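Here are my notes on the model you sent. Please read them beside the structure.

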Amino acid sequence: MTITRLRDALRVSKNIIVIAGAGLSAASGIPTFRDGGGLWRSLDATTLATPTAFAANPSLVWQFYHYRRVKQVSALESKPNLAHHIIAKLSVPEFRREVAPNAKSFHLITQNVDRLSVRALQSLESQVPANAPPSARPQMDSVFEMHGRIFDVKCTSCDYCVEDLSNPLCPALDVSHIKDYNDAGTKQIDIPLKELPRCSACHALARPGVVWFGETPYQLSEINRLVFKADMCLVVGTSSTVRPASLFASRVQKRGGKVAVFNLAPSVADESADFVFRGPCETELGRVFPELV
Ligand code: BJW
Ligand code: ZN
């Protein structure tokens with residue numbers, strides 16, 4: 001049975017990584033990008049998620065990201081689901097010992113910008129008694145948000161980057177009248193540059209702190225180091241179509257590691273995977289790790 005085989009492989013794993021994508025947050029109500037109902041099904045990524053698109057139409061790009069901040073990702077609108085919580089628990093040495101007694105490290109490399117994996121860690125940390133030993137605590141630095149964070153506001157000039165949860169970020173970006181994300185990503189809007197979010201350090205135009213096509217993801221050298229030493233890679237809720245994240249699993253495998261895919265639908269990663277769990281990751285991870293539910 002696939003669960004038993006994966007559990008056997010986990011028992012001898014030393015360095016575990018999870019590569020996550022939008023499917024991890026789907027059960028939290030956050031749209032994916034490429035499958036049914038995904039953002040890039042009805043919207044054109046090249047007009048919204050590239051530096052050229054932002055240079056050409058910063059008002060539209062800001063409106064799109066502001067809508068997603070407020071209506072989809074905010075703490076009021078979404079919360080971590082069971083899959084986030086199970087992955088967070090794997091970062092706690094005492095929980096991890098149950099499934100991977102030989103593991104020296106565990107890291108999540110997420111392409112998601114929604115912060116839900118970090119919120120899951122924070123919620124776990126808040127439940128740990130103050131006098132608990134480090135082995136009972138989640139490892140707060142175990143998450144790498146390689147495509148940035150949707151609540152970060154980043155300067156286009158000096159690169160100063162700060163999390164700003166204000167709603168609206170500036171009066172001109174009030175999106176309360178916008179019906180849905182399709183409208184947010186297409187409805188013409190013409191906000192003068194000086195009324196868009198500005199850098200609080202140098203006052204230049206600011207942009208959403210996410211990684212667009214053609215840009216280098218964050219923390220790539222640390223991530224490459226983790227991928228290089230990993231001997232177990234769980235690929236959770238990603239279509240595995242966007243580089244460089246789509247390349248990590250095969251790199252782990254080339255060095256003799258194992259790959260387990262958790263996806264609702266077939267993905268390009270399935271073909272070479274050692275284990276495939278077809279179904280919602282919030283259910284499948286619970287089946288594989290019942291002690292972490
Ligand atoms: C479930 C589920 C459930 C649903 N349970 N599963 C030609 C021109 C220009 C660039 C390129 C080019 N060719 C290649 C490139 C590179 C490019 C790229 O890969 N493009 C391809 C699309 C062709 N990549 C880049 O440009 C990257 N940078 C780069 O390569 O820099 C160069 C470099 C590399 C290495 C070293 C140094 C330099 C940057 C990519 C940035 C991607 N940005 C976005 C937007 C982020 C901001 C925002 O949120 O708007 O990131 S695009 C979008 O795709 C987002 C995601 O993180 C990313 C990946 O998508 P993901 O997460 O896989 O989502 P989906 O929707 O595709 O899949 C969801 C999956 O979940 C599906 O499989 C479902 O079945 C499943 N699912 N519910 C389990 N409940
Ligand atoms: Zn600045």
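1. Phenylalanine 277 sits in strand E9 (residues 275-278). Helices (H or I, at least four residues) and strands (E, at least two) are DSSP runs, numbered from the N terminus. This is a predicted model, in which local features need pLDDT of at least 70 and side-chain atom pairs count only at pLDDT 80 or more, while totals for chains, interfaces and linings use all residues; side-chain values use heavy atoms, with hydrogens and water left out. Residues are numbered from 1 along each chain as its sequence is written, and chains are lettered from A and ligands numbered from 1 in the order in which they are written.

2. Is phenylalanine 277 buried or exposed? Its relative accessibility is 3%, so phenylalanine 277 counts as buried. Buried means under 20% relative accessible area, exposed over 50%, partly exposed in between (1.4 Å probe, protein chains only). Beyond its neighbours within four places in sequence, phenylalanine 277 is in contact with residues including Thr2, Ile3, Leu6, Phe262, Asn263 and Val288. Contact means heavy atoms within 4.5 Å. Asparagine 263 is 14 residues away along the chain, yet its C-alpha atom is 6.5 Å from that of phenylalanine 277.

3. Arginine 7 belongs to helix H1 (residues 2-11). With 13% relative accessibility, arginine 7 counts as buried. Not counting residues up to four places away in sequence, arginine 7 touches Glu98, Val99, Val288, Phe289, Pro290 and Glu291.

4. Histidine 147 carries a record annotation: an unreviewed UniProt entry marks His147 as "active site". UniProt positions are given in the numbering used here, feature names are shortened, and annotations may be inferred rather than shown by experiment. Histidine 147 is in the loop between strand E3 (143-145) and strand E4 (148-155). At 13% relative accessibility, histidine 147 is buried. Leaving aside neighbours within four places in sequence, its contacts include Thr110, Gln111, Gly209, Pro217, Tyr218 and Val242.

5. Serine 78 is in the loop between H5 and helix H6 (82-90). A relative accessible area of 3% makes serine 78 buried. Apart from neighbours within four places in sequence, serine 78 is in contact with Ser28, Ile30, Gln72, Val73, Leu116 and Arg119.

6. Now the pockets. On a 1 Å grid over the protein atoms alone, a pocket is an open set of points where a 1.4 Å probe fits, with protein on both sides within 12 Å along at least five of seven lines; lining residues have an atom within 4 Å of a point. The largest pocket has a volume of about 910 Å³. Its lining has 46 residues, and Gly21, Ala22, Thr32, Phe33 and Arg34 lie nearest its centre. H5 gives the most to this lining, with four residues.

7. The domain bounds come from an automatic or database domain assignment.

8. The second largest pocket has a volume of about 320 Å³. It is lined by 16 residues, with Val73, Ser74, Ala75, Phe151 and Leu165 closest to its centre. H5 and helix H8 (116-127) each supply at least two residues of this lining. Domain 1 and domain 2 each give at least three residues to the lining of the second largest pocket.

Terms used
Grid points are joined across faces, edges and corners, and a volume is the space filled by probe spheres set on the points.
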